[in-house]
There are 2 protein chains.
Amino acid sequence: MINRQWILKRRPVGEIRPGDLALVETQVPEPGAGQFLARTVYLSLDPTNRIWMSDMEQYMPPVQLGEVMRGGTLSVVEESRNPAFQKGDIISGIAGWQEYAVLDGGQKLPPGVPLTASMSVLGMTGATAYFGLLDIGQPKPGETVVVSAAAGAVGSIAGQIAKLKGCRAVGIAGSDEKCRHVVERLGFDACINYRREDVAAALKRECPNGIDIDFENVGGEIFEAVLANINLKARIVLCGLISGYNDAEAPRGPANFANVLMKRARIEGFIILDYFPRLAEFYGAMGQWVAEGRIKYDVHVAKGIENALSALNLLFTGGNTGKLLLQVSEEP
Amino acid sequence: MINRQWILKRRPVGEIRPGDLALVETQVPEPGAGQFLARTVYLSLDPTNRIWMSDMEQYMPPVQLGEVMRGGTLSVVEESRNPAFQKGDIISGIAGWQEYAVLDGGQKLPPGVPLTASMSVLGMTGATAYFGLLDIGQPKPGETVVVSAAAGAVGSIAGQIAKLKGCRAVGIAGSDEKCRHVVERLGFDACINYRREDVAAALKRECPNGIDIDFENVGGEIFEAVLANINLKARIVLCGLISGYNDAEAPRGPANFANVLMKRARIEGFIILDYFPRLAEFYGAMGQWVAEGRIKYDVHVAKGIENALSALNLLFTGGNTGKLLLQVSEEP
């Protein structure tokens with residue numbers, strides 16, 4: 001039986017080019033004692049995938065050349081030689097960009113959770129929004145929270161949590177359609193289309209009391225526009241800087257960085273890995289919010305392992321709304 | 001009687017130029033009811049003076065055109081119509097760049113404190129080092145603390161407190177002489193001359209366990225070199241960014257800003273004003289350290305109100321070691 005997998009052949013410089021990764025065919029491996037064979041159902045496509053391809057300074061080792069590309073997955077157990085895992089179990093893990101993997105462990109999905117929810121609002125991107133906004137942002141009722149990439153997997157959830165906490169939520173997104181979605185479906189108070197408006201001026205209009213919290217997913221000029229409008233003691237939740245991930249050279253930092261000093265602001269970077277010991281808290285709260293319909297989530301599902309790279313690129317062109325997933329095989 | 005004072009005539013663009021400020025002669029004013037006449041003994045010269053001349057975003061209103069330049073002062077009461085202040089009292093305040101001022105209040109200096117100490121280690125610059133390092137930096141024994149502008153008023157104290165707290169203290173300064181001073185007199189473990197060495201490489205050598213805390217006074221390329229060497233969960237105490245204060249255009253931000261995310265670091269700006277409610281804590285601790293000789297301090301004293309501008313410039317050329325003061329008249 002054939003297993004198709006994406007191998008990192010060469011570290012991309014700037015945008016990913018043909019030949020940086022290659023789709024190869026191998027034999028599906030046999031599970032050994034204590035192992036099981038997992039068929040990939042969904043592959044999570046995330047901005048951080050691009051980071052893992054580089055040997056830039058990062059929060060875990062980059063993918064090595066010749067290795068299967070790393071990626072978060074939801075898989076179904078096909079055949080097991082591990083008594084703790086049964087055929088048909090649904091496993092979340094990091095099985096990578098491939099159709100099958102032999103694993104020796106993973107987290108079993110509890111029954112009743114829609115698979116796409118477990119890969120988005122009830123998965124790592126939801127947890128990122130939850131801990132980033134609440135733990136680092138420390139929102140208080142009446143404060144103004146700005147969220148860049150507001151229609152994205154993390155931003156869409158962060159803004160909704162801000163609303164639940166009594167804040168004004170102002171999104172930044174890349175099209176009028178996304179902005180409508182963010183306001184009308186997700187309940188943000190306002191959303192700025194950065195391709196059509198001067199963001200700093202629009203933020204001044206939409207944040208009449210200034211910005212108390214910035215949930216930063218983008219960086220670059222959008223981050224500069226936010227920094228220009230922060231309040232005293234503002235908190236900048238540094239979650240991502242996607243605008244720079246495809247840069248061949250280090251992007252310039254914010255020209256108005258001195259505002260962090262003048263406004264006695266706090267910038268704090270975080271990675272969801274640091275919060276794994278507290279995931280139970282997240283599942284409890286978010287599970288209830290989703291069940292009650294107080295938090296909505298969207299997924300954009302592309303299909304077929306052969307389309308992994310073109311699908312990933314949607315993150316950089318703004319082509320997706322909500323969590324981007326690649327469906328590699330049918331749900332069981 | 002003549003009062004000489006510096007008036008802000010025009011906002012400097014880039015470096016301060018002749019004509020931006022003017023030294024004028026007026027009559028010494030008469031104190032009214034509830035007021036007293038104060039003779040300036042010492043004027044504090046600080047990087048923030050340059051900020052106050054600009055209408056950039058800042059933490060208090062800039063000095064208005066036509067006004068006496070703002071500055072921290074130590075004055076002696078010459079004549080009083082306020083029962084709470086007697087002739088001969090020493091008052092710290094913000095009487096500005098002038099030889100005399102009529103005031104209606106101020107903080108009386110307790111007896112026994114050397115005047116230059118009260119304008120440095122036991123004044124605002126000492127308090128800035130104290131609260132910045134301890135409250136924002138949260139140093140733990142064994143951690144490595146880097147201090148830029150290590151021979152300056154704030155940096156020299158911050159590094160010594162780091163040593164008292166059991167940390168490795170590594171300074172960055174602008175000459176071999178300053179570096180010797182920082183190590184031999186102040187007790188830092190090492191000091192890097194940024195004019196002679198590649199700072200990032202030197203930091204790698206002098207901080208073999210990486211950087212846990214950066215007490216940042218400078219910004220620009222030096223800050224970039226520090227960011228390149230920070231540890232996970234590093235704290236960046238953002239105290240000043242003097243390298244950019246004379247820039248005519250906004251300086252570029254750190255190109256490796258993304259490291260803040262990758263290392264889950266925290267950058268926090270602060271201004272000593274925010275800590276005024278806690279000054280008693282500072283006076284207690286620092287007073288004892290200075291009395292016991294565990295914290296040393298240095299002052300660089302220029303003389304004569306007419307030399308205020310040329311003396312201020314020493315801060316930007318690296319011409320001073322320790323706290324820069326302008327002695328405007330004799331100590332009583």
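**Exercise 1.** Determine how strands β3 and β4 of chain B pair, and identify the partner of Ala38(B).

*Solution.* Strand β3(B) covers residues 36-44 and strand β4(B) residues 73-80; they pair in the antiparallel sense, over seven bridges. Strands are DSSP runs of E with at least two residues, and helices are runs of H or I with at least four, numbered from the N terminus. Two strands count as paired if DSSP finds at least two bridges between them. Within β4(B), Val77(B) is the bridge partner of Ala38(B).

The model is predicted: local features need pLDDT of at least 70 and side-chain atom pairs pLDDT 80 or more, while totals for chains, interfaces and linings use all residues. Residues are numbered from 1 along each chain as its sequence is written, and chains are lettered from A and ligands numbered from 1 in the order in which they are written.

**Exercise 2.** Describe the contact between chains A and B.

*Solution.* Step one: 29 residues of chain A are in contact with 29 residues of chain B, contact meaning that C-beta atoms, placed from the backbone, lie within 7 Å. Step two: α8(A) gives the largest share of chain A's side, five residues. Step three: strand β13(A) joins β13(B) through three bridges, running antiparallel, and Ile267(A) stands opposite Ile267(B).

**Exercise 3.** State the rotation that superposes chain A on chain B.

*Solution.* The rotation is 180° with 0.0 Å of shift along its axis, at an RMSD of 0.0 Å, by least squares on the C-alpha atoms of residues with pLDDT of at least 70 in both copies. The two copies are therefore related as by a two-fold rotation axis.

Definitions and conventions
Two residues are in contact if their C-beta atoms, placed from the backbone, lie within 7 Å.
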